[in-house]
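Biologist: Please take a close look at one part of this model, a pair of packed helices, and then go on from there to the sheet and the salt bridges.

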Amino acid sequence: MKSLLCLLLVFSTGAFAAEENQFKPLKDVRSQMTFKPLSDEDKELIISYTRTLFSKVYVNLEHKMSIYPTNPLADLKIIEDRYHEMDEVEFHQRMLAIYTSVRDFHVNYNLPKPYACYSSLTGFSLQKMKANKIIVTSVNLNLKNLSPDLQKLTPGDELVSYQNTSPLSYIKSRSAAVGASTPDAVIVQGVFDLYFRSHYGSIVQKDNEITASFKKPNGEEYSIVAPWIARFNPECLKEKTEEKVQSGKTDENLREVKLKERKKFFLNWKNKFITFFKNKLPLLKKKLLNSDTALVDLSAPHTTKHPNLFWKLIPYQGQNFGYLKLDSFDAPEGTNAAVAEVKKVLTQNLADTSALVIDLRGNYGGQISFAEKMAALFGAMPVKSIPFYVRANDFMSFMFKDDPSWLKLMIPQGNNNTLVGPGNLTTLTDLSRVSQSYFGKVVLLTNSECFSSCDLFSAVMKDYARVKIYGTDHSTFGGGANVWATGYMKPAFESIDMPVPPQNISMRVTARHAHRLADNSLIEDRGVATDVILDEETDDLLTQNSTVVAKIYNDFLKDPTLKKSSDTFVEFEQKSFQVHGDNLVNLIASVGNIDYISVFKNKKFVQRFEKDEEDKIAITLNSKNTPYGTESVEIYGFDRDSSTRLPVLRTSLLLETLPEFKKLQDLNVIGDVITTTYPKNADCGWQKSANALLLEGYCPETSTEATLSIELPQTETILSFDLIMDTEPDYDFFEIVAIVNGVETQLMEPVSQPQNESFRISLGAFAGKNIDLKFKVISDEAFSGKGGSISNIQIQ
């Protein structure tokens, strides 16, 4: 291995020659890294922005103050009292300290350009290993003229001292500046901080060089002196990253930008090592693969249309396993296209695998809706949207002025700044359109760099018991939130007469924090716990051969539940299943090549189920009402035109025992929201009486509606009621509408003639959705009749 690493170092010489003029010793460019002057008015404006963000928007403030020694608003008051005495460096440094003190990677203070276009690096990269061992993973010998001691370094060497102290002690001393929260994340991000610092969000360090000691695998120790090397990125001046982030069309934030920059930069070096290893040393590679330590070759995975999605089919000990690598939840092509690409890989490339590893190590997040929709690919039932909470105040009400679902939560709280929720970012309708696409065993492979939307995806998959989580750290990062940048909030700031910050300075805070679906616990600062902790080997990092994935596959082979269980999943190819006892069985099938499903018992037709607008067929069988007993029931798909039996697309049916849905009178919520407009008589409109609505005050020029908000089960339900209506024929009308995500659907023809009858209306089209039912009566300027009533209202 030693000779291999030496060859790698030789090979890397000359890399990045085209960028050589961008690298200079930090000490030689300090004079260029200056800030433009800020007037007192500029500083006052930045302070005002920060006060508004932390007091009106930042949803984690009280939580952070309860677990960390931080008080951002008190610290801001100190700056406000002294800012006129501060130069630009001190002012920006103190502002940065406020934003990093809450240890929230979604909370950022972005320094102005061109300062933000600089980064500092040491010329080598490091990574945390098991037992917090830190090793060298790459060396850029192209920089040896600026840092001669780089030639002493070899990938695999262990860092034992940094600035004359232990690396962990040094990392701990800077933990507040690093900004991470969970213990593993603090160390991982602190390791980055040892060799790379982006000045998007950090003041350049005072030291011009570092002193470090390393230990080779044979125990030999040596020391180096490495100057900090400044890199100026001229493309930064052309980029419009701030505009992209501030548009609100991405969840990307400053620290994610920094992380991407850093990872892309060093991955280039690392890939050169791997390419050389693969092409020049096949015999050594074969030797490693046949060694006593089981390895899985993860090199050269297949690319996809999605830039961050990769896959591999891996034969291992007589079985085929799937490997899916997702580097981020960014979706430049749109979330639906991104999910479609994942689905394509699952159904076309990995469909016949025994089990699947989804590798999320280093996934820095991205679009929340992508994460939620992707989770829906791994279960028969649609997932629920992640619950988010926000502050209720005038500023946030302005931000949500065009979003009635959030305003509905906020308005009752007025301007008291309390946290309200839950609300959702992805609609249940959008999530229900995503059907299951993989039917084998699934595990997630995570680490403490699985951040933001990666945290959320892991949480949803775990809460739905769809995965076991393996990881190289104890949990994911712990950053479950939705971030807003000042540019996105520009209209709200304009509404309170605040112009944009000077010099294109931008700030970001967590506007909505996320909770777990299972127990409503906060994801921030906790992450998603790892079920099985695995240790990476040095070879994993230097050769792209993974002992970690091999260990997971070995667990799969030993797992008696590896094969699909007929007690939980039933595939359509099997064409039959059994219904037992008096259970209500709810089956949701996503089907694209058939129009309806027919159910047969003993070869005789029993029931037919039609496909809905979302290409789903909801099958409800209740053995108490339909005598299936314990006998087999056959399912066949049919095409409407040919009426011939067809194979149903590979999908699965989840047999789920559900409690009988409560009758409406048990819920006791009918008519809780009653809105009536009447210009002349305050006694007009609906009046609630037990489980009935009475229109005893029947008046001219009245519009009255009673709203029932309810989440329907996945099964088909029936709305039933008794209607008595005595109103002016052809002029005054009674009607019922259903509203889902702002879209109205009329459930019955408007009633105008006198009526006294019972109604039964199917709500099957809204199964599994949050629905508002509105019972309306509208009268014109004249009226005749006594009014009416709706009674015995039930949903069952």
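Modeller: Helix H5 (residues 72-82) packs with helix H6 (residues 88-101) at an angle of about 170°, and their axes are 9 Å apart. Axes here are lines fitted to C-alpha atoms, for helices over the stretch in contact, and angles run from 0 to 180 degrees between N-to-C directions. Angles under 35 degrees count as roughly parallel, over 145 as roughly antiparallel, 65 to 115 as roughly perpendicular and the rest as oblique, so H5 and H6 are roughly antiparallel to each other. On the H5 side the contact (heavy atoms within 4.5 Å) is made by Pro72, Asp75, Leu76, Ile78, Ile79 and Arg82, and on the H6 side by Glu90, Phe91, Arg94, Met95, Ile98 and Ser101. These residues divide into 7 nonpolar, 1 polar and 4 charged. In that division Ala, Val, Leu, Ile, Met, Phe, Trp, Tyr, Cys and Pro count as nonpolar, Asp, Glu, Lys and Arg as charged, and the others, Gly among them, as polar.

This is a predicted model: local features need pLDDT of at least 70, side-chain atom pairs count only at pLDDT 80 or more, and totals for chains, interfaces and linings use all residues. Residues are numbered from 1 along each chain as its sequence is written, and side-chain values use heavy atoms, with hydrogens and water left out. Helices (H or I, at least four residues) and strands (E, at least two) are DSSP runs, numbered from the N terminus.

Arg82, Arg94 and Glu90 also belong, with Glu85, to a network of salt bridges. A salt bridge is a side-chain nitrogen of Lys or Arg within 4 Å of a carboxyl oxygen of Asp or Glu, and by this rule the count comes to 24. Another joins glutamate 524 to lysine 64, with the closest N and O atoms 2.9 Å apart. That pair links distant parts of the chain, 460 residues apart: glutamate 524 is in the loop between strand S21 (506-514) and S22, and lysine 64 is in helix H4 (residues 61-67). Both glutamate 524 and lysine 64 are buried, where buried means under 20% relative accessible area, exposed over 50%, and partly exposed in between (1.4 Å probe, protein chains only).

Arginine 361 forms a salt bridge with glutamate 536, the closest N and O atoms being 3.0 Å apart. Here arginine 361 lies in the loop between S15 and helix H14 (368-375), and glutamate 536 in the loop between S22 and helix H20 (538-543), 175 residues apart. Arginine 361 counts as buried because its relative accessibility is 15%, and glutamate 536 is buried at 11%.

S15 and S22 are both part of an open sheet of 7 strands, in the order S12-S13-S14-S15-S18-S19-S22, with mixed pairing. Strands S12 (302-303) and S22 (532-533) stand at the edges with a single partner strand each, so one side of each has no neighbour in the sheet. Two strands pair if DSSP finds at least two bridges between them; 2 bridges join S22 to strand S19 (residues 468-471), and these strands run parallel. Helix H18 (residues 453-463) lies across S15, strand S18 (441-446) and S19, running at about 145° to S18. Helix H13 (residues 335-349) lies across strand S13 (309-316), strand S14 (319-326) and strand S15 (355-359), at about 20° to S13.
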